[in-house]
Amino acid sequence: MSLDKLKLSKPLVAAMTEAGFLTPKEIQVKTMSRILGGQDVIAVGPEGAGKTTTYVLATLMKLKYAFEEAPRALILVPDAEHVDHVLEQFKLLNRNSTFRILGIDSRGTIDTQMNEITDGCDIIVAVPDRARALYLKLALNTNKIQLFIVDNAELIVKKGLQLPVVELANSAYKSQHVVFTEVMHEKLKHMIFPFMKDSAATVEVDEIDGKQAEVYPQMLYQVPNFRTKLNLLTLLLNDAEVFDKVVVFVNTRLTAQTVYKNFNHNKRGEISIYRPLFFDDQGYDNIEDFKDNPNARVLIVANENLGELNIQGIPIILHFELPEQKETLIQRIVKNGEEEVIAITFSTDIELIEVKKIEQAIGQKLEVVELPDDLKVVDMAAKPKKKKADAEDADSGRGAAFHEKKASNLKNYNYSAGTKAKMTYKKKKGLS
């Protein structure tokens, strides 16, 4: 397929060819016409799918001419490193420096960046919090923004930068919105859906390598948060018949302690920690001792400064947390001989990006398993109910914690449990 499929201008085709891009990527073919047509787009694709090049081309095509005072394209990225990467892509394709492009992040002073914006620019590539700060100082004019782009949206959510993105998007209400991400999940949807138009198109490409690695059977549980992870782990490990010998991997030794303490005391003889922090915790300094003990079912292992660990002979490998380096997990799930092993991974929305990288590396998707019906899912957004203060207490200034008992509620008697049961029964039956 040639670049003509993208319907680019001749200078852009020449720039692409000179840069070594001879054929379009799948994500470019599927999104370019939509973006150029003015439609809001959510594009989902793995690293290396061509997402950055897609919106750089689209931006250069849509703006058409340069040199206006207020910026007409705002591109939000998660950090300074991504700002540099996007600026490099523009430099590669913005031949003869047709457009003035400004990068904004925490490395420069706000005053300097205010002056640079005032001097005039066409395209701004910025981190959300610094862009918001400039907007609040009235330096960043969003009234003429035609194209509002959020790149690596999943990383922006991971860094907790949702608020400035939403504020800036709402301020650029006349613009077209385009979001690029590696994964979609509820937290990301919660950020972008308020400002995406109802007609927004979702385009997803999945460029998993056709070559598959020989790995043990994979199972993936997607859970909303850490507390629900703990509940799921407890629920699964209660089945001693199935989970008779398990290694549970976490990232830090402190997390290992948290997971261990989550189990009640009668379970702690079966559940132990590899190299525990505290001497009074059930633990092993040698994994072979754990393997040899028939009463030891679960070993919690921290990836922190772990080094090599021989887990051969363990039938169930469970990753409670995704390690920072995908290779750490992959080397554990690659088949080693004919032994039967099941690998189970827990992932929150924020960790799905790591899951995607693992799938790319092994050339296959992890099988998503439905959560058990009896799993207690913790709603972290729910606020504890506050007790209403008595009006009389509020007036008296004695505080909500203090209240006078009504005369009818004064208790100068004690009923036995049996008497209470009879009274309740009579009340239900309407008997005096």
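## Close-up views of a predicted model

**View 1. Strands β5 and β6 in a predicted model.** V150 stands opposite V179 in β6. The model shown here and in the other views is predicted. Strand β5 covers residues 147-150 and strand β6 covers residues 176-181; the two pair in the parallel sense, over four bridges. Helix α8 (residues 162-171) packs on the sheet and touches β2, β5 and β6. The direction of helix α8 makes about 165° with that of β5. Helix α3 lies across β2 (73-76), β4, β5 and β6, and runs at about 165° to β6.

**View 2. The open sheet of seven strands.** The strand order is β3-β4-β2-β5-β6-β1-β7, and the pairing is parallel. β3 and β7 (201-204) stand at the edges with a single partner strand each, so one side of each has no neighbour in the sheet. On average, neighbouring strands of this sheet are turned by 15° against each other, direction ignored.

View 3. β3 pairs with strand β4 (residues 123-126) in the parallel sense, over four bridges. Within β4, I123 is the bridge partner of I101.

**View 4. The largest nonpolar core, around I75.** This core has 35 residues, of which L8, Y55, L57, L60, I75, F90 and I123 touch the most other members. Helix α3 (residues 51-63) gives the most to the core, with seven residues. Which residues does I75 contact, leaving aside neighbours within four places in sequence? They are Y55, T59, F90, I123, I124, V125, A126 and I149. A second, separate core has 31 residues, including V44, A131, V150 and A169.

**View 5. The open sheet of eight strands.** Its strands follow the order β11-β10-β12-β9-β13-β14-β8-β15, with parallel pairing. At the edges stand β11 (283-284) and β15 (367-368), each with a single partner strand, so one side of each is left without a neighbour in the sheet. Strand β10 (residues 271-274) pairs with β11 in the parallel sense over two bridges. The bridge partner of Y274 in β11 is Y284.

**View 6. Helices α11 and α13 across strands.** Helix α11 (residues 253-261) lies across β9 (246-250), β10 and β12 (298-302). Its direction is at about 175° to β10. Helix α13 (residues 326-333) lies across β8 (218-222), β9, β13 (316-319) and β14 (342-347), and runs at about 165° to β13.

**View 7. T255 in helix α11.** T255 has its place in helix α11. Is T255 buried or exposed? The relative accessible area of T255 is 13%, so T255 counts as buried, the cut-off being under 20%. The side chain of T255 makes a polar contact with the side chain of T252, at 2.8 Å. Not counting residues up to four places away in sequence, T255 touches F226, V250 and E321.

**View 8. The whole protein, for orientation.** The protein has 16 helices and 15 strands. Of its 432 residues, 45% count as buried. Among contacts between residues at least 6 apart in sequence, 74% join residues at least 24 apart. The accessible surface comes to about 23,800 Å², of which 49% belongs to carbon and sulfur atoms.

Technical notes
Residues are numbered from 1 along each chain as its sequence is written. This is a predicted model: local features need pLDDT of at least 70, side-chain atom pairs count only at pLDDT 80 or more; totals for chains, interfaces and linings use all residues. Side-chain values use heavy atoms; hydrogens and water are left out. Two strands pair if DSSP finds at least two bridges between them. Contact means heavy atoms within 4.5 Å. Axes are lines fitted to C-alpha atoms, for helices over the stretch in contact, and angles run from 0 to 180 degrees between N-to-C directions. Buried means under 20% relative accessible area, exposed over 50%, partly exposed in between (1.4 Å probe, protein chains only). A polar contact is a pair of N or O atoms within 3.5 Å; within protein, one must be able to donate a hydrogen and the other to accept it, and residues adjacent in sequence count only if both atoms are side-chain atoms. Accessible areas come from the Shrake-Rupley method with a 1.4 Å probe; for residues, only the protein chains shown count as cover. A nonpolar core is a set of buried Ala, Val, Leu, Ile, Met, Phe, Trp, Tyr and Cys residues joined through side-chain atoms within 4.5 Å.
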